[in-house]
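Take a moment to turn the model around on your screen before reading on. The report below walks through it piece by piece.

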Amino acid sequence: MHIVIMGCGRVGSALAQTLEEQGHTVAVIDQDPTAFRRLGSGFGGRRVTGMGFDQDTLREAGIEEAGAFAAVSSGDNSNIIAARVAREMFAVENVAARIYDPRRAEVYQRLGIPTVATVRWTADQILRRLLPSGAEALWRDPSGAVQLAEVHVSTEWVGHKVGRLQEETGVRVAFLTRLGEAILPTSQTVLQEGDLVHVMMRVDDMDKVEAVFSEGPGEERR
């Protein structure tokens, strides 16, 4: 996948290096050309000097071929504008913006732009928004047998009920995060695009659960 990152501070440079190590092509945008020094001489991606929300700058960075875009500069406004341009003008599927003000983060989340507030930011969270896959364990009981995990759900599950997801995997859906708000679903709750699904499951069932969540309901897997 080609991924464009706006901002070459500690966060942006770390993301760029990690993504390149995973085999992706990466372009980094920053207003300050000296910021690219953080990438090191071994970085093989594009270095683009300019404003990350400028359409010509984004095109130079390869936004038209990009599967993901991360806005991680030091400015909230710049990050959210760039994220919206990437999503709305260039139809980039996976977009994430770092926001310093948690109250703003909630507002923008409701606009459909996944945001991560700095107070709870980690590289793993940004990566999971750009490259959603698998399960991330959030808590494990003292015996080590049961865990709470955020599991990526394939778009094949959109329009299906939580009850069916539970029946086919044996998990218990603890809660959903939808447009920045946590909700407690019932078995009749219908999954929507963009939902983050948090489930309780046996640790030993992790591989099976990830497979079913990623492949879709039973008839889609046949």
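## A hairpin and its partners

Arginine 178 stands opposite glutamate 181 in strand S10. This pair belongs to a predicted model, so please read every value here as computed from that prediction. Strand S10 covers residues 181-183, and three bridges join it to S9 in an antiparallel arrangement. Between the two strands of this hairpin there are two residues, and leucine 179 takes a positive phi near 55 degrees there.

S9 has another partner as well: five bridges join S9 to S11, and these two strands also run antiparallel. If you want a landmark for this pairing, look for arginine 172, which stands opposite methionine 200 in S11. Keep methionine 200 in mind, as it comes back in the next part.

Tryptophan 139 has its place in strand S7, which spans residues 135-140. Is this tryptophan 139 buried, partly exposed or exposed? Its relative accessibility is 43%, so tryptophan 139 counts as partly exposed.

Which residues does tryptophan 139 touch, once its neighbours within four places in sequence are left aside? The contacts are Val146, Gln147, Leu148 and Met200. Along the chain, tryptophan 139 and methionine 200 are 61 residues apart, yet their C-alpha atoms are 9.3 Å apart in space.

## Helix H6 and what covers it

Now find helix H6, which runs over residues 162-169. Its buried residues are Val162, Gly163, Leu165, Gln166 and Thr169. Because they cover an arc of only 160 degrees around the axis, they sit on the same side of H6. What lies over these buried residues includes strand S9 (172-178), strand S11 (196-202) and helix H7 (206-215). That brings back S9 and S11, the antiparallel pair with five bridges.

Arginine 164 and glutamate 168 are four residues apart in the helix, so about one helical turn separates them. An α-helix has 3.6 residues a turn, so residues three or four places apart point the same way. With a relative accessibility of 27%, arginine 164 counts as partly exposed. Just after H6, glycine 170 takes a positive phi of about 80 degrees.

## Salt bridges in other helices

How many salt bridges does the structure hold? There are six. Side chains of opposite charge can pair when their charged atoms come close.

In helix H3 (residues 76-89), arginine 84 and glutamate 88 are four residues apart, which means about one helical turn lies between them. These two form a salt bridge, with their closest N and O atoms 3.0 Å apart. Arginine 84 has 33% relative accessibility and so counts as partly exposed, while glutamate 88 reaches 51% and counts as exposed. The cut-off for exposed is over 50%.

Aspartate 56 is exposed at 56% relative accessibility, and arginine 59 is partly exposed at 36%.

## The start of the chain

Strand S1 (residues 2-6) and S2 run parallel, joined by five bridges, and isoleucine 5 stands opposite valine 28 in S2. Together, S1, H1 and S2 make a right-handed β-α-β unit. On to the next pairing: four bridges join S2 to strand S3 (residues 46-49), again in parallel, with alanine 27 opposite arginine 46 in S3. S2 is mostly covered, since five of its six residues are buried.

Where does histidine 24 lie? Histidine 24 is in the loop between helix H1 (10-21) and strand S2 (25-30). Its relative accessible area is 17%, so histidine 24 is buried. A polar atom of the histidine 24 side chain lies 3.4 Å from the backbone nitrogen of methionine 1.

Note on methods: Residues numbered from 1 in each chain as written. Predicted model: local features only at pLDDT ≥ 70, side-chain atom pairs only at ≥ 80, totals over all residues. Heavy atoms only, no water. Salt bridge = Lys/Arg side-chain N within 4 Å of Asp/Glu carboxyl O. Buried < 20%, exposed > 50% of the residue type's maximum accessible area, 1.4 Å probe, protein only. Arc of directions from axis to C-beta. Contact = heavy atoms within 4.5 Å. Polar contact = N/O pair within 3.5 Å; in protein donor to acceptor, adjacent residues only side chain to side chain. Pairing = 2+ DSSP bridges. Right-handed = clockwise from strand over helix to strand, strands pointing away.
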